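Please consult the sequence and the structure while reading.

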Amino acid sequence: MSGTKKSRNKRDISPTHPDAAAIDIGATMHVAAVRPDRFSEPVRSFGTFTGDLHRLADWFKQCGVRTVAMESTGVYWIPVFEILDQRGFEVILVNARDAKHVPGRKTDISDAQWLQRLHEYGLLRASFRLKGEVAVMRAYLRQRERLLDYAASHIQHMQKALTQMNLQLHHVLTDITGATGMAIIRAIVAGERNPVALAAHRDPRCRASAETIPQALVGNDREEHIFALTQALELYDVYQAKVALCDVRIEAVLKRLRKASSAPAGKLPPVRTTRKQSNDPAFDVRAALQALLGRDVTQIHGLGPYLALKLVAECGTDLSAWPDAKHFTSWLCLSPSNKISGGKVLSSRTRRSGSRAAALLRLAAVAVGRTETALGAFYRRWSARVGKAKAVTATARKIAVLFYNTLRHGMEYSDPGASYYEESYRRRALNNLERRAKSLGDTLQPASTPA
């Protein structure tokens with residue numbers, strides 16, 4: 001045979017990041033790895049105390065490291081990420097699915113070495129991570145959601161205490177935390193027991209009649225149940241006060257973001273719905289988002305002001321991290337994840353995801369399914385064909401595309417209506433039937449109207 005065998009150096013692929021390092025994150029120990037030619041001991045273990053993390057950064061500086069990859073594990077990566085970022089390293093967070101270890105022995109040392117090798121040759125993708133004031137706003141909003149969850153548990157405690165006293169207040173009122181319900185509960189805690197006097201706190205907008213409420217307020221008042229009701233009410237009020245403090249912080253962050261934003265402040269369009277949700281922030285969220293983004297994303301059906309605010313906090317105000325809407329919906333795990341082998345589709349299921357943004361879009365899809373809009377008609381059509389679960393995913397993806405195009409390209413959403421969608425669907429179905437008939441050599445003829 002003629003021809004010479006290529007040397008190993010010529011056959012090797014050149015590294016993309018020659019100054020790369022990697023860290024295998026743990027709860028009590030971090031294992032870091034650098035290139036073997038950078039240090040006599042290329043793999044070292046460090047503790048999780050702040051001093052240990054600074055020693056880790058010093059070691060990376062000594063080894064000439066510029067970029068570091070780490071695998072996301074719970075919240076243990078956050079202190080490491082922030083300290084290394086402050087020290088000037090380019091730090092990327094990697095999805096564990098992309099950094100899966102090859103078959104073989106599984107140890108912390110081999111994991112760190114494999115992660116460093118993948119990052120050195122540019123085989124890892126950085127996960128999306130918010131920065132700056134948007135990340136601060138997201139933290140406040142997530143804290144607010146946790147407080148609302150805690151408050152909801154104490155609403156259940158109030159309902160339990162009322163049930164034990166046989167006060168059927170939650171059966172005659174839609175929401176006991178409304179104006180009528182809270183006024184009556186506070187009066188009970190204050191010592192009022194007369195059903196007629198308690199019913200006098202009924203708000204004029206309450207749907208329950210003035211005759212029904214006194215009947216529901218005749219019960220068996222026991223000391224221990226009143227005590228439980230009092231404590232549940234006090235804890236509920238504490239969490240509501242903490243939520244109000246979060247609202248102040250969120251509004252302040254929105255103002256700072258508005259000052260730093262270059263988006264033109266357009267005219268606020270007419271409000272699509274005047275209904276206010278019970279857990280909405282105390283300030284005008286819609287006006288604040290309009291001033292920040294330069295457009296009103298709440299015009300998209302299914303996106304209320306508060307949900308839109310949480311969606312912006314999860315995805316950011318600039319969606320340029322995703323080249324197009326398809327990349328955005330794929331990141332949200334709302335598009336099919338095709339697995340094809342030998343030209344055959346093995347699976348096209350959407351991937352499982354814990355994305356909060358995807359969960360918000362699914363909530364929007366469920367809400368829009370009850371409306372007489374094009375999106376609502378789309379949801380109902382798909383629900384009849386493939387079931388509600390898949391219809392929610394398909395509608396959530398459609399809303400995600402509208403949200404992306406509105407923020408990225410300045411698209412103005414205009415709803416054509418449910419009747420337009422139904423007519424468009426019938427027209428497409430008829431065109432498909434005509435195409436199939438033509439392929440078979442037939443021609444469709446309209447049915448004759450009986451005399």
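**Helix packing, sheet order and burial**

Helix 15 (residues 374–386) packs against helix 16 (residues 388–409) at an angle of about 150°, with the two axes 7 Å apart. This is a predicted model, in which local features need pLDDT of at least 70 and side-chain atom pairs count only at pLDDT 80 or more, while totals for chains, interfaces and linings use all residues. Residues are numbered from 1 along each chain as its sequence is written, and side-chain values use heavy atoms, with hydrogens and water left out.

Q: How do the residues of the contact of helix 15 with helix 16 divide into nonpolar, polar and charged?
A: Contact means heavy atoms within 4.5 Å, and helix 15 contributes L375, F378, Y379, W382, S383 and V386. Helix 16 contributes residues including K388, V392, T395, I399 and L402. With Ala, Val, Leu, Ile, Met, Phe, Trp, Tyr, Cys and Pro taken as nonpolar, Asp, Glu, Lys and Arg as charged, and the others, Gly among them, as polar, the contact of helix 15 with helix 16 divides into 10 nonpolar, 2 polar and 3 charged.

Q: Is the crossing of helix 12 and helix 14 left-handed or right-handed?
A: Helix 12 (residues 305–315) and helix 14 (residues 356–368) pack at about 155° with axes 9 Å apart. A crossing is left-handed if the near helix is turned anticlockwise from the far one by less than a right angle, and right-handed if clockwise. By this criterion, the crossing of helix 12 and helix 14 is left-handed.

Q: How many of the 11 residues of helix 12 are buried?
A: Buried means under 20% relative accessible area, exposed over 50%, and partly exposed in between (1.4 Å probe, protein chains only). The cover over the buried residues of helix 12 includes helix 5 (132–164), helix 10, helix 11 (285–293), helix 13 (325–331), helix 14 and helix 16. Helix 12 is largely enclosed by the rest of the structure, because the number of its 11 residues that are buried is 10.

Q: Which strands stand at the edges of the open sheet?
A: The sheet has 5 strands in the order 3-2-1-4-5, with mixed pairing; two strands pair if DSSP finds at least two bridges between them. Each edge strand has a single partner strand, so one side of each is left without a neighbour in the sheet: these are strand 3 (43–46) and strand 5 (90–94).

Q: Which residue in strand 4 stands opposite I23?
A: Strand 1 (residues 20–24) and strand 4 (residues 67–71) pair in the parallel sense over 4 bridges. Helices (H or I, at least four residues) and strands (E, at least two) are DSSP runs, numbered from the N terminus. In strand 4, the residue opposite I23 is M70.

Q: Does D52 count as buried or exposed?
A: D52 is placed in helix 2 (residues 50–62). Leaving aside neighbours within four places in sequence, D52 is in contact with F46 and G47. Because its relative accessibility is 12%, D52 counts as buried.

Technical notes. Axes fitted to C-alpha atoms, helices over the stretch in contact; angles between N-to-C directions.
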